[in-house]
Amino acid sequence: MLSWNVWIGRGHLREVVSRIRNGDYVELGADPDVPLVVLAQEAYRRDSSVPQLQAGPAGRVLIAQLGPQEDVVETAHTLGMNLRYAPSMRNGTDQSDRGNAILSTLPLEGAHAVELPLVLQRRVAVTATIALGDTRLRLVSAHLDPRGPPGHKWLGSYGRALQAQHLIAWVEDDTAILGADLNLGRGRYERAWKLLGEAGFTFGVPPSLPRWRHTFHALPRLVLDYLLVRNRDGAIAEARVHRLDEHPRDRGARVFGSDHHPLLGRIDLQPSSGESQ
């Protein structure tokens, strides 16, 4: 399982998935022969289904020299993966948008778009389920706001707590995986993190904390990205998560084209429940 903020499509998602399938990360538990799921944030789409901008304000768009963007629909088609995509906002005046996506080698069922409380920008999480043997696993890809409106809520902690609370209320499944850019500027001191923990979303089975010191590769370097597990019914035997580094010493302006590190997880179910992924 891969969770990654692909920086409005500039992350080299096809390359990273191909490396997983080629066995480049076997030592991290990424068996190329087991099902693969990608929980992507800031996925990019550009096609005629995006309405042309007629009037009104438009969201920001990154300048062209930052590199080419991978269309998430084309990427899913190229990789032969099932896709559920929920756009959050368009990219300036360009006929494109960005949002959260789930790509899977297994069929995706029960998909929903979950609109989060408005804080700074429109945010829409996407969720779906996959069947692994007797276990139905709820998948969620989400992206919380990095800050709030001008004034005393500008740092955004209050708004992220509202968004996390809304998402928690929507996801009632006993077995669930949340891949998200939580934008926790204050880390585990934020109420959003405490709410997720109280709702059963932990870093692993048993609960653990990440060993790395950042996942956001630009400055300031912070831990913003998480792959969290809810295991209320004990269907998951073990969950291991690793940060993928493009450079041996974590150098360079970007990681596989993105300003965020990918998180690679291996989820092992109980023997009677189904398969690993």
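The largest pocket is lined by 31 residues, and Pro-146, Arg-147, Asn-183, Phe-216 and Leu-224 lie nearest its centre. This is a predicted model: local features need pLDDT of at least 70, side-chain atom pairs count only at pLDDT 80 or more, and totals for chains, interfaces and linings use all residues. Residues are numbered from 1 along each chain as its sequence is written, and side-chain values use heavy atoms, with hydrogens and water left out.

**Pockets**

- A pocket is an open set of points on a 1 Å grid over the protein atoms alone, with protein on both sides within 12 Å along at least five of seven lines; lining residues have an atom within 4 Å of a point.
- The largest pocket has a volume of about 740 Å³, where a volume is the space filled by probe spheres set on grid points joined across faces, edges and corners.
- Strand β4 (96-104) gives the most to this lining, with 3 residues. Strands are DSSP runs of E, at least two residues, and helices are runs of H or I, at least four, numbered from the N terminus.
- The lining of the largest pocket divides into 13 nonpolar, 9 polar and 9 charged residues. Nonpolar covers Ala, Val, Leu, Ile, Met, Phe, Trp, Tyr, Cys and Pro; charged covers Asp, Glu, Lys and Arg; the others, Gly among them, are polar.
- The second largest pocket holds about 220 Å³ of space. Of its 13 lining residues, Arg-186, Gly-187, Arg-188, Val-223 and Tyr-226 are closest to the centre.
- By class, the second largest pocket is lined by 7 nonpolar, 2 polar and 4 charged residues.

**Cavities**

- The structure holds 2 cavities of 30 Å³ or more. A cavity is a set of grid points where a 1.4 Å probe fits but cannot get out.
- The largest cavity holds about 60 Å³. Its lining includes Val-6, Leu-13, Tyr-44, Glu-70 and Thr-75.
- β2 (37-46) and α2 (72-79) are the elements that give two or more residues to that lining.
- The second largest cavity has a volume of about 30 Å³. Its lining has 7 nonpolar residues, no polar and no charged; Val-140, Leu-167 and Leu-178 are among them.

**Nonpolar cores**

- The largest nonpolar core has 50 residues, and those with the most contacts inside it are Leu-139, Leu-167, Ile-177, Leu-178 and Leu-228. A core is a set of buried Ala, Val, Leu, Ile, Met, Phe, Trp, Tyr and Cys residues joined through side-chain atoms within 4.5 Å. Buried means under 20% relative accessible area, exposed over 50%, partly exposed in between (1.4 Å probe, protein chains only).
- Beyond its neighbours within four places in sequence, Leu-178 is in contact (heavy atoms within 4.5 Å) with residues including Leu-39, Val-140, Phe-201 and Leu-228.
- Apart from this core lies another, of 25 residues, among them Leu-13, Val-16, Leu-36 and Leu-244.

**Salt bridges**

- The structure holds 14 salt bridges. Each is a side-chain nitrogen of Lys or Arg within 4 Å of a carboxyl oxygen of Asp or Glu.
- Asp-97 pairs with Arg-45, the closest N and O atoms being 2.5 Å apart. Asp-97 lies in strand β4 and Arg-45 in strand β2, so the pair ties together parts 52 residues apart in sequence.
- Asp-97 is buried at 6% relative accessible area, and Arg-45 is buried at 16%.
- Glu-109 and Arg-136 meet in a salt bridge at 2.5 Å, N to O. Glu-109 is partly exposed at 35%, and Arg-136 is partly exposed at 45%.
- Glu-238, Arg-240, Arg-266 and Asp-268 are linked in a salt-bridge network.
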